[in-house]
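Please open the model in your viewer and keep the sequence panel beside it, so that each selection below can be followed as you read.

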Amino acid sequence: AGRFPADTLRVTGSPATLTWKGDGVTNVWDTATTTNWLSAGVPDAFYSGDYVTFDDSGFNTPAVALVGSVQPNSITVSATKNYTFAGPGKLSGNGLLTNAGPGTLTIFTANDFVGKTFLAGGTLSITNETALGANPPAFAADQLTMDGGTLAIGAATSFRNLNRGITLGVANGTVSNNLAVT
């Protein structure tokens, strides 16, 4: 126990702090393949556990295409431009999702991350409840914290699991919907 066979390579490292640059063509966000990120200004690939930021310096069109299960430690969207997460992949893991605005983050993917969501500014637009991640197994009062900004529900979205608590911070927040919410 605690030993590795002679033909096993064990690689360890620290999570990187990455900023989205994208490529403006496919805008793929995958794990360990595409170098659509910058680490201290140097092109880099995303690895599970990295801290990622979307700001005004990256390509926001076309939509950021999630491929596979990406597992960031945290996602911070702090941009005046709008970003969209779409594609066949999903957000997974324990990471925290923060939308600080003032732009809009639209999430089309059905995700299973278990981290919390923090809305501090701008608009967070969803088309399904799991855009906000998996429902907690037990009540979590602050699974979604709104401390400014707007949660826009743009489709017939069901919020049937009452374990996803919503906490209002000092700046409060707004919920808007254009269609029926059940």
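In which strand is the place of Thr145? Select Thr145 and you will find this residue in strand β15, where strands are DSSP runs of E of at least two residues and helices are runs of H or I of at least four residues, both numbered from the N terminus. Before going further, please note that this is a predicted model, in which local features need pLDDT of at least 70 and side-chain atom pairs count only at pLDDT 80 or more, whereas totals for chains, interfaces and linings use all residues. Residues are numbered from 1 along each chain as its sequence is written, and side-chain values use heavy atoms, with hydrogens and water left out.

**Around Thr145**

Thr145 has a relative accessible area of 13% and is therefore buried, a word that stands here for under 20%, with exposed meaning over 50% and partly exposed in between (1.4 Å probe, protein chains only). Now display what Thr145 touches: leaving out residues up to four places away in sequence, these are Thr117, Phe118, Leu119 and Thr167, contact meaning heavy atoms within 4.5 Å. Of these, Phe118 is the bridge partner of Thr145, and strand β13 (residues 117–119) pairs with strand β15 (residues 140–146) in the parallel sense over 3 bridges; two strands pair if DSSP finds at least two bridges between them.

Next, select the open sheet with parallel pairing, in the order β2-β6-β9-β12-β14-β16-β18. Here β2 (28–29) and β18 are the edge strands, and because each has a single partner strand, one side of each is left without a neighbour in the sheet. Within this sheet, strand β6 (residues 64–66) runs parallel to strand β9 (residues 83–86) and is joined to β9 by 2 bridges, with Val64 opposite Phe85.

Move on to strand β16 (residues 150–153), from which Thr150 and Ala152 point one way and Leu151 and Ile153 the other way, all of them buried. Strand β14 (residues 123–126) runs parallel to β16 and is joined to it by 4 bridges, and Ile126 stands opposite Ile153. Another 4 bridges join β16 to the parallel strand β18 (residues 174–177), where Ser176 stands opposite Ala152.

Is Thr130 buried or partly exposed? Select this residue in the loop between β14 and β15; with a relative accessible area of 29%, Thr130 is partly exposed. Beyond its neighbours within four places in sequence, Thr130 is in contact with Thr109, Ala110 and Asn111.

**Last stop**

Finally, select Pro72, Ile75, Leu91, Ser92, Gly95, Leu96, Leu97 and Phe113, which line the largest cavity.

Notes
1 Å grid on protein atoms, 1.4 Å probe; cavity = no way out; pocket = protein on both sides within 12 Å on 5 of 7 lines; lining within 4 Å.
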